[in-house]
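Hello,

Here is the structure I promised to pass on to you. Have a look at it first, and then read on for what I found.

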Amino acid sequence: MGGAHGAGGQEVPRCADQEFLALERELTVLLRRARASQGEMAREVHPDLESSAYGLLIRLDECGGRRATELAAYIGVGKATMSRQLRALEELGLIAREPDPADGRAWLVTLTEEGRRRVGTVREARRARYVSQLAHWDRREVAELARLLHQLNGLAEK
């Protein structure tokens, strides 16, 4: 699959593999920075908010009420981890649980007004930073980057 073997028996990538090595390198940098950024955003929402819970709040902000099982599947964590995160978010006053109108035995998790306000403030500040940082980019390039990232994220869901 790889390339030829060089000095010391190490595999030397073929030229065609260079694009994938560059992709891996850039994604590594992006993900490292994204983790750090997610921690900052979580602390901006609430000083006691775990960084991993920030994505959960974003999901609720974008999609409205969801069952805990749906959230766990989307985030990619187990039921116990999701329960712990939801309990912590509830204690911080950022989420509430309410009966699911479609199934009285189930509960929906929703953002509280305070949660929506805090998440909205942080998201707006983040969007303003993106606008500032990418001001020299053509809007079509920004749209293309978003499209490609969406496509890449879709692969992870399969």
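Among contacts in the protein chain between residues at least 6 apart in sequence, what percentage join residues at least 24 apart? The figure is 43%, where contact means heavy atoms within 4.5 Å.

Before the rest, two notes on where the values come from. This is a predicted model, so local features need pLDDT of at least 70 and side-chain atom pairs count only at pLDDT 80 or more, while totals for chains, interfaces and linings use all residues. Residues are numbered from 1 along each chain as its sequence is written, and side-chain values use heavy atoms, with hydrogens and water left out.

The overall layout comes next. The protein chain has six helices and two strands; these are DSSP runs numbered from the N terminus, with helices being H or I of at least four residues and strands E of at least two. Along the sequence they follow the pattern α-α-α-α-β-β-α-α. Of the 158 residues, 22% are buried, meaning under 20% relative accessible area, whereas exposed is over 50% and partly exposed lies in between (1.4 Å probe, protein chains only).

Now to the inside. The largest nonpolar core has 21 residues, and Val 45, Leu 49, Leu 57, Leu 89 and Ile 95 touch the most other members. Such a core is a set of buried Ala, Val, Leu, Ile, Met, Phe, Trp, Tyr and Cys residues joined through side-chain atoms within 4.5 Å. Helix 2 gives the most to this core, with five residues.

Leu 89 sits in helix 4 and counts as buried because its relative accessibility is 1%. Leaving aside neighbours within four places in sequence, Leu 89 is in contact with Leu 49, Ala 53, Leu 56, Leu 57, Leu 94 and Ile 95. With residues up to four places away again not counted, Val 45 touches Tyr 54, Leu 57, Leu 94, Arg 118, Val 119 and Val 122.

Helix 6 (residues 139-156) supplies the largest share of the patch, five residues. Leu 155 lies in helix 6 and counts as exposed because its relative accessibility is 54%.

Best wishes
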